[in-house]
Amino acid sequence: WGRHFVSFQMSHLAWHSPNEIDELREVLSRESVKSDPEGSFICSATRAAILVGGLTNRLYCIDTPEEGMWVVRVSGENYEVHNIDRVKEYKCIKAAFEAGITPDAKFIKSDLITISRFISHGHTWDNDTVQKNIVDCVDIVKVLHSIPLDKYSDHVFDAWEVCDHYHQIALEKGAPLPDDIDEIYAIMRTVKAAVDEDKVASFPLVACHNDLLAANWIKGRMNNVEKVCLLDMVLAHVFEF
(Lines give C-alpha, C1' and ligand atoms only; values in the text may rest on other atoms or scores of the structure.)
Protein backbone atom coordinates (compact mmCIF):
# COMPACT_ATOMS: atom_id res chain seq x y z
CA TRP A 1 0.00 0.00 0.00
CA GLY A 2 1.03 3.57 -0.37
CA ARG A 3 3.25 3.18 -3.39
CA HIS A 4 1.48 6.13 -5.04
CA PHE A 5 0.44 8.46 -2.25
CA VAL A 6 3.91 9.62 -1.37
CA SER A 7 4.67 10.81 -4.90
CA PHE A 8 2.34 13.79 -4.53
CA GLN A 9 3.54 17.25 -3.65
CA MET A 10 1.19 18.98 -1.23
CA SER A 11 0.35 21.58 -3.88
CA HIS A 12 -0.75 18.82 -6.28
CA LEU A 13 -3.32 17.31 -3.95
CA ALA A 14 -7.00 18.05 -4.58
CA TRP A 15 -7.98 19.16 -1.09
CA HIS A 16 -11.53 18.98 0.25
CA SER A 17 -13.24 19.26 3.58
CA PRO A 18 -13.30 15.75 5.11
CA ASN A 19 -17.11 16.06 5.19
CA GLU A 20 -17.15 16.30 1.40
CA ILE A 21 -15.69 12.79 0.99
CA ASP A 22 -18.47 10.31 1.74
CA GLU A 23 -16.49 7.31 2.96
CA LEU A 24 -13.99 9.37 4.93
CA ARG A 25 -16.81 11.28 6.58
CA GLU A 26 -18.36 7.98 7.63
CA VAL A 27 -15.03 6.67 8.96
CA LEU A 28 -14.33 9.80 11.00
CA SER A 29 -17.81 9.68 12.53
CA ARG A 30 -17.40 6.17 13.97
CA GLU A 31 -17.36 6.02 17.76
CA SER A 32 -14.67 3.33 17.58
CA VAL A 33 -12.42 5.76 15.71
CA LYS A 34 -13.24 8.77 17.89
CA SER A 35 -12.41 6.83 21.06
CA ASP A 36 -9.28 5.04 19.81
CA PRO A 37 -6.30 6.12 21.97
CA GLU A 38 -3.83 5.90 19.09
CA GLY A 39 -5.76 7.07 16.05
CA SER A 40 -8.53 9.39 17.25
CA PHE A 41 -6.48 12.43 16.20
CA ILE A 42 -7.52 11.85 12.57
CA CYS A 43 -11.00 13.09 13.52
CA SER A 44 -9.51 16.57 13.86
CA ALA A 45 -8.56 16.68 10.16
CA THR A 46 -9.24 20.07 8.60
CA ARG A 47 -8.74 18.96 4.99
CA ALA A 48 -8.41 15.73 3.07
CA ALA A 49 -7.57 14.41 -0.39
CA ILE A 50 -8.42 11.15 -2.13
CA LEU A 51 -5.32 9.20 -3.21
CA VAL A 52 -4.93 6.51 -5.85
CA GLY A 53 -2.98 3.30 -5.72
CA GLY A 54 -4.55 0.96 -3.17
CA LEU A 55 -5.35 -2.52 -4.48
CA THR A 56 -6.91 -3.88 -1.27
CA ASN A 57 -7.84 -0.59 0.38
CA ARG A 58 -8.77 3.07 -0.04
CA LEU A 59 -6.30 5.85 0.66
CA TYR A 60 -6.75 9.42 1.89
CA CYS A 61 -4.29 12.12 2.82
CA ILE A 62 -5.37 14.23 5.79
CA ASP A 63 -4.00 17.36 7.40
CA THR A 64 -4.48 17.82 11.14
CA PRO A 65 -3.79 20.92 13.27
CA GLU A 66 -1.48 19.29 15.80
CA GLU A 67 -0.23 16.06 14.17
CA GLY A 68 0.40 17.34 10.65
CA MET A 69 -0.14 15.29 7.49
CA TRP A 70 -0.88 11.58 7.48
CA VAL A 71 -2.21 8.98 5.06
CA VAL A 72 -5.28 7.08 6.19
CA ARG A 73 -5.69 3.60 4.73
CA VAL A 74 -9.15 2.08 5.06
CA SER A 75 -8.93 -1.65 4.53
CA GLY A 76 -11.10 -3.00 1.72
CA GLU A 77 -13.13 -6.17 1.54
CA ASN A 78 -11.84 -9.66 0.71
CA TYR A 79 -8.23 -8.73 1.42
CA GLU A 80 -7.85 -12.10 3.15
CA VAL A 81 -7.70 -13.77 -0.26
CA HIS A 82 -4.17 -12.36 -0.50
CA ASN A 83 -3.23 -13.95 2.85
CA ILE A 84 -2.96 -10.46 4.35
CA ASP A 85 -3.10 -10.07 8.12
CA ARG A 86 -3.45 -6.36 8.97
CA VAL A 87 -2.50 -6.84 12.63
CA LYS A 88 0.71 -8.71 11.78
CA GLU A 89 1.44 -6.19 9.04
CA TYR A 90 1.26 -3.34 11.55
CA LYS A 91 3.67 -5.14 13.87
CA CYS A 92 6.17 -5.33 11.00
CA ILE A 93 5.64 -1.64 10.16
CA LYS A 94 6.38 -0.57 13.74
CA ALA A 95 9.50 -2.74 13.87
CA ALA A 96 10.73 -1.28 10.58
CA PHE A 97 9.99 2.25 11.81
CA GLU A 98 11.94 1.65 15.01
CA ALA A 99 14.81 0.48 12.80
CA GLY A 100 14.60 3.79 10.91
CA ILE A 101 13.70 2.45 7.46
CA THR A 102 9.98 3.16 7.03
CA PRO A 103 7.57 5.97 8.01
CA ASP A 104 5.88 5.97 11.40
CA ALA A 105 2.38 4.52 11.55
CA LYS A 106 -0.57 4.13 13.89
CA PHE A 107 -3.31 1.51 13.83
CA ILE A 108 -6.98 1.49 14.74
CA LYS A 109 -7.38 -2.24 15.27
CA SER A 110 -11.16 -2.25 15.66
CA ASP A 111 -11.59 -0.83 12.15
CA LEU A 112 -8.38 -2.12 10.51
CA ILE A 113 -7.36 1.44 9.69
CA THR A 114 -3.65 2.12 9.26
CA ILE A 115 -2.41 5.71 9.53
CA SER A 116 1.02 6.42 8.06
CA ARG A 117 3.14 9.55 8.25
CA PHE A 118 3.02 11.47 4.96
CA ILE A 119 6.40 11.85 3.22
CA SER A 120 6.69 15.31 1.73
CA HIS A 121 8.71 16.44 -1.28
CA GLY A 122 9.32 12.87 -2.33
CA HIS A 123 8.72 10.60 -5.29
CA THR A 124 8.52 6.84 -5.48
CA TRP A 125 11.32 5.37 -7.56
CA ASP A 126 11.48 3.52 -10.87
CA ASN A 127 13.89 0.74 -11.85
CA ASP A 128 16.55 3.14 -13.12
CA THR A 129 16.51 5.14 -9.88
CA VAL A 130 16.84 1.98 -7.81
CA GLN A 131 19.85 0.91 -9.89
CA LYS A 132 21.48 4.30 -9.35
CA ASN A 133 20.87 4.04 -5.60
CA ILE A 134 21.37 0.31 -5.20
CA VAL A 135 23.91 0.70 -2.37
CA ASP A 136 21.40 2.66 -0.27
CA CYS A 137 18.74 0.03 -1.00
CA VAL A 138 21.01 -2.85 0.00
CA ASP A 139 22.00 -1.08 3.22
CA ILE A 140 18.32 -0.64 4.14
CA VAL A 141 17.55 -4.29 3.41
CA LYS A 142 20.47 -5.28 5.64
CA VAL A 143 18.92 -3.23 8.44
CA LEU A 144 15.58 -4.96 7.82
CA HIS A 145 17.24 -8.39 8.01
CA SER A 146 18.74 -7.47 11.38
CA ILE A 147 15.38 -6.74 13.07
CA PRO A 148 14.77 -9.22 15.93
CA LEU A 149 12.13 -11.73 14.88
CA ASP A 150 10.14 -11.36 18.11
CA LYS A 151 9.47 -7.75 17.06
CA TYR A 152 8.55 -8.68 13.50
CA SER A 153 6.44 -11.64 12.40
CA ASP A 154 5.81 -15.24 13.40
CA HIS A 155 4.77 -16.22 9.88
CA VAL A 156 7.18 -17.73 7.37
CA PHE A 157 6.74 -16.47 3.82
CA ASP A 158 6.83 -19.40 1.37
CA ALA A 159 7.17 -18.18 -2.22
CA TRP A 160 6.19 -21.57 -3.63
CA GLU A 161 2.99 -21.69 -1.59
CA VAL A 162 2.12 -18.13 -2.60
CA CYS A 163 2.43 -19.01 -6.31
CA ASP A 164 0.29 -22.12 -5.86
CA HIS A 165 -2.28 -20.10 -3.89
CA TYR A 166 -2.75 -17.51 -6.62
CA HIS A 167 -2.69 -20.16 -9.34
CA GLN A 168 -5.53 -22.02 -7.62
CA ILE A 169 -7.57 -18.83 -7.26
CA ALA A 170 -7.10 -18.08 -10.95
CA LEU A 171 -8.31 -21.58 -11.85
CA GLU A 172 -11.33 -21.32 -9.54
CA LYS A 173 -12.31 -17.91 -10.94
CA GLY A 174 -11.72 -18.89 -14.54
CA ALA A 175 -9.13 -16.13 -14.94
CA PRO A 176 -6.93 -16.15 -18.07
CA LEU A 177 -3.48 -17.64 -17.55
CA PRO A 178 -0.29 -17.16 -19.59
CA ASP A 179 0.03 -19.51 -22.54
CA ASP A 180 3.31 -20.80 -21.13
CA ILE A 181 2.02 -21.43 -17.58
CA ASP A 182 2.98 -25.13 -17.73
CA GLU A 183 6.50 -24.21 -18.81
CA ILE A 184 6.71 -21.64 -15.99
CA TYR A 185 5.69 -24.24 -13.41
CA ALA A 186 8.19 -26.73 -14.82
CA ILE A 187 10.96 -24.16 -14.30
CA MET A 188 9.68 -23.42 -10.79
CA ARG A 189 9.75 -27.11 -9.88
CA THR A 190 13.33 -27.37 -11.17
CA VAL A 191 14.41 -24.35 -9.15
CA LYS A 192 12.64 -25.57 -6.01
CA ALA A 193 14.24 -29.00 -6.31
CA ALA A 194 17.68 -27.39 -6.65
CA VAL A 195 17.06 -25.15 -3.64
CA ASP A 196 15.81 -28.06 -1.52
CA GLU A 197 18.77 -30.23 -2.54
CA ASP A 198 21.21 -27.45 -1.60
CA LYS A 199 19.89 -27.27 1.95
CA VAL A 200 22.67 -29.19 3.64
CA ALA A 201 21.92 -27.10 6.69
CA SER A 202 18.84 -25.02 7.29
CA PHE A 203 19.15 -21.33 6.44
CA PRO A 204 18.43 -18.82 9.21
CA LEU A 205 15.10 -17.02 9.24
CA VAL A 206 15.31 -13.24 8.98
CA ALA A 207 12.87 -10.35 8.71
CA CYS A 208 12.02 -9.83 5.04
CA HIS A 209 9.92 -7.44 2.94
CA ASN A 210 8.98 -9.85 0.12
CA ASP A 211 7.83 -7.14 -2.31
CA LEU A 212 10.87 -5.04 -3.23
CA LEU A 213 9.37 -3.35 -6.27
CA ALA A 214 11.01 -0.12 -7.38
CA ALA A 215 7.81 1.77 -6.53
CA ASN A 216 8.14 0.69 -2.89
CA TRP A 217 11.20 2.90 -2.46
CA ILE A 218 11.05 6.64 -1.88
CA LYS A 219 13.38 9.48 -1.02
CA GLY A 220 11.70 12.38 0.70
CA ARG A 221 11.49 14.41 3.89
CA MET A 222 10.19 13.27 7.25
CA ASN A 223 10.50 15.60 10.23
CA ASN A 224 12.63 17.89 8.04
CA VAL A 225 15.18 15.13 7.41
CA GLU A 226 15.70 13.78 3.91
CA LYS A 227 16.06 10.00 3.77
CA VAL A 228 15.37 6.90 1.71
CA CYS A 229 12.47 4.80 3.00
CA LEU A 230 11.01 1.40 2.24
CA LEU A 231 7.23 1.27 1.82
CA ASP A 232 4.42 -1.29 1.67
CA MET A 233 4.94 -3.92 4.37
CA VAL A 234 1.77 -5.82 3.48
CA LEU A 235 3.67 -9.01 2.54
CA ALA A 236 6.32 -8.63 5.25
CA HIS A 237 7.12 -11.90 7.01
CA VAL A 238 10.21 -13.88 7.91
CA PHE A 239 11.99 -15.91 5.27
CA GLU A 240 15.10 -18.03 4.91
CA PHE A 241 18.31 -16.14 4.15
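What share of the contacts in the chain with a separation of 6 or more comes from residues 24 or more positions apart? Such residues account for 66% of them, a contact being heavy atoms within 4.5 Å. Before we go further, a word on the model: it is predicted, so local features need pLDDT of at least 70, side-chain atom pairs count only at pLDDT 80 or more, and totals for chains, interfaces and linings use all residues. Residues are numbered from 1 along each chain as its sequence is written, and side-chain values use heavy atoms, with hydrogens and water left out.

Let's start with the whole chain. It holds 7 helices and 10 strands; these are DSSP runs numbered from the N terminus, helices being H or I with at least four residues and strands E with at least two. With a radius of gyration of 19 Å, close to the 18 Å that the globule rule gives for 241 residues, the chain is as compact as a globular protein of that length. Here the radius is taken over C-alpha atoms, and the rule is 2.2 Å times the number of residues to the power 0.38. The C-alpha trace spans about 60 × 40 × 35 Å along its principal axes. Buried residues make up 41% of the 241, where buried means under 20% relative accessible area, exposed over 50%, and partly exposed in between (1.4 Å probe, protein chains only).

Five strands form an open, antiparallel sheet in the order β1-β2-β3-β5-β4, with two strands counted as paired if DSSP finds at least two bridges between them. At its edges lie β1 (47-51) and β4 (105-108), each of which pairs on one side only. From one strand to the next the twist averages 25°. Strand β4 is joined to β5 (residues 113-117) by 4 bridges, and the two run antiparallel; A105, for example, has S116 in β5 as its bridge partner. Helix α3 lies across β2 (57-64), β3 (68-75), β4 and β5, at about 160° to β4. Axes here are lines fitted to C-alpha atoms, for helices over the stretch in contact, and angles run from 0 to 180 degrees between N-to-C directions.

Side chains of opposite charge can pair when their charged atoms come close. Counting a side-chain nitrogen of Lys or Arg within 4 Å of a carboxyl oxygen of Asp or Glu as a salt bridge, the model has 11. In α3 (residues 86-98), E89 and R86 sit 3 residues apart, about one helical turn. Their closest N and O atoms are 3.4 Å apart in a salt bridge, and both residues are buried.

K88, also in α3, reaches a distant part of the chain: its partner D154, 66 residues away, is in the loop between α5 (134-145) and α6 (159-173). Their side chains meet at 3.3 Å, N to O. D154 is exposed at 63% relative accessible area, whereas K88 is partly exposed at 30%.

Finally, look at helix α1 (residues 22-28), where D22 and R25 are 3 residues apart, about one turn. They form a salt bridge with closest N and O atoms 3.1 Å apart. D22 is exposed at 54%, and R25 is partly exposed at 35%.
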